[in-house]
Amino acid sequence: MNIPVEPFRIKTVERIRQTTREEREAYLKEAGLNVFAVPSESIFVDLLTDSGTSAMSDQQWGGLLTGDEAYAGSRSFYRFEAAIRDITGFPQVIPTHQGRVAENLLFSTICRPGITIPNNTHFDTTHANVAANGADALNLPVPEALHPETEHPFKGNMNLEALEKVLTERKGSIPLVAMTVTNNSAGGQPVSMENIKATSQICRKHGVPFFFDCARYAENCWFIHEREAGYKNKKVIDIAREMFSYADGCWMSAKKDALVNIGGFLAMKDEKLAQTLRNKLILIEGFPTYGGLAGRDLEAIAIGLYEGLDEDYLKYRTEQVRYLGEMLMAGGVPLVKPIGGHAVFIDALAFCPHIPQSEFPGVALTVALYREAGIRAVEIGSMMFAEKDPKTGKVEYPPLDLVRLAIPRRVYTNTHMAYVADAIVAVYKNRDKLRGLRLTYEAPMLRHFTARLEEV
Ligand SMILES: *Cc1c(COP(=O)(O)O)cnc(C)c1O
């Protein structure tokens, strides 16, 4: 196995503490067996999310000190704007304090009942922002995306035939086609340049603008560099420039590939649309040269965007995620394949086939990982997505019950990955002992955050 080597050395450390099993039992009891309610101080390796959890570099920390906090026309804004223009080529740049605000500004402007927004797969906040404005958030993944076992180099691709069909059938009611890179909700799987180009051509033919939801665009470009013919000798930043050249705009949660703890933006060609969005921005975020961020945050994003495209970093980043995945596969743990860019997804239905979906096998696994090893993961399955028919009371379960191990960027060492793999393989060997769960409390919406459970 290749050991992925970190292309950095450590200058500042943050202590993490392993708890005793008794302490963890007490925390679990207190939390109603919901790891969202366990305090982070009692977690040894936290793989809940890769969002806003990156470690910043010495350059970025330096940028925090040199950030310009002027209310209007901050020097840090101009650096931020120049970085985004350089990478995306889009002249209109609008800062926001995170990705979902960019989505809120955009979709509250272009969506209303009767409108459809197609996407390879909407991320949950994207879906919510489209739906909250009465529009239809339509997912058009390729069929391979729904099969965890199927290997495909670009499982995040848009289903082109389905897109062509919907653009024809719903003519006049589609203000924009979106594409999520990498495809977060479908396992962090990348989209090929060929698919991006073809999507762009279909959009142009129908006269519909094409936007990227580009939280993990750098990881996507790395996969293009690695896997797609003709890109081996291209620099990743040039692959990114080519990718953006096929689109009309984008929005980004900078909490992912820009290697910062908070931030986001919109960028586009259309000056008139940008003006409308800026007027809204002033109402909800702030003046157009800071948009809900401090000058120092803009500075850190401007630096982080380039660090996120660094090839040594991207090689290590994707190799570290794959390293964890390969150790788990060697131990027999069933995973979504191939291993994605930012996370490893465990197939909980295959992991514990003795637990029915009505007893939350994914959540049961997150409980076991915390109980055994102080590891926090997140369920993406029946707790998050099961829907009850309000009339019949019949529950509709999602096709997959997954547990996501999201890897924060530049935070954990490969030894941490080996520790996590070891612990999960040990739980897998004793998987018969995992017990199903039943709810003792559930909120009417987004219940996974606050649910309380007990073992059956
Ligand atoms: C994280 C994310 C968002 C939302 O961004 P926030 O910064 O969390 O508000 C939107 N789209 C994708 C693909 C994401 O990964």
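Start with the whole structure on screen: a search through all of it finds two cavities of 30 Å³ or more. Keep in mind as you go that this is a predicted model.

**Stop 1: the largest cavity.** Select N34, F36, V363, E379 and H448. Of the 15 residues that line the largest cavity, these five are the closest to its centre. The space they point you to has a volume of about 110 Å³. Now colour the secondary structure and look for α14 (361-373), β11 (378-380) and α15 (382-385), the elements that each give two or more residues to this lining. What is the lining of the largest cavity made of, by class? Eleven of its residues are nonpolar, three are polar and one is charged.

**Stop 2: the second largest cavity.** Next, select A83, I84, I87, T88, C214, Y217, F244, M252, F265 and L305, which line the second largest cavity. About 40 Å³ of space lies inside. Which helix gives the largest share of this lining? Show residues 75-88 as a cartoon and you have it: helix α3 supplies four residues. Colouring by class gives nine nonpolar residues and one polar residue in the lining of the second largest cavity, with no charged residues.

**Stop 3: the ligand.** The shell has 15 residues, and the closest are G99, R100, D213, S253 and K256. Three of these side chains deserve a distance label:

- D213: an N or O atom of its side chain is 2.9 Å from a nitrogen atom of the ligand.
- S253: a polar atom of its side chain lies 2.7 Å from an oxygen atom of the ligand.
- K256: an N or O atom of its side chain is 2.8 Å from an oxygen atom of the ligand.

To see which elements take part, highlight α4 (99-110) and α5 (124-132), each of which gives two or more residues to the shell. Of the elements, α4 gives the most, with three residues. How do the residues of the shell around the ligand divide by class? Two are nonpolar, seven are polar and six are charged.

**Stop 4: the second largest pocket.** Zoom out and select T12, E14, A55, R410 and V411. They lie nearest the centre of the second largest pocket, which is lined by 39 residues. About 1500 Å³ of space lies in this pocket. By class, the lining of the second largest pocket has 17 nonpolar, nine polar and 13 charged residues.

**Stop 5: backbone details.** Most residues other than glycine have a negative phi, and most peptide bonds are trans.

- Select V181 and T182. A cis peptide bond joins them, and omega is about -20 degrees. T182 lies in the loop between β5 (177-180) and α7 (193-205).
- Move on to K337 and P338. The peptide bond from K337 to P338 is cis as well, with omega near -10 degrees. You will find P338 in the loop between α12 and β9 (343-347).
- Last, select L259. Its phi is near 60 degrees, which is a positive value in a residue other than glycine. L259 is placed in the loop between β7 (249-253) and β8 (264-268).

How values were computed
Residues numbered from 1 in each chain as written. Predicted model: local features only at pLDDT ≥ 70, side-chain atom pairs only at ≥ 80, totals over all residues. Heavy atoms only, no water. Near = heavy atom within 4 Å. Polar contact = N/O pair within 3.5 Å; in protein donor to acceptor, adjacent residues only side chain to side chain. Nonpolar A, V, L, I, M, F, W, Y, C, P; charged D, E, K, R; others polar. 1 Å grid on protein atoms, 1.4 Å probe; cavity = no way out; pocket = protein on both sides within 12 Å on 5 of 7 lines; lining within 4 Å. Points joined across faces, edges and corners; volume = space filled by probe spheres on them.
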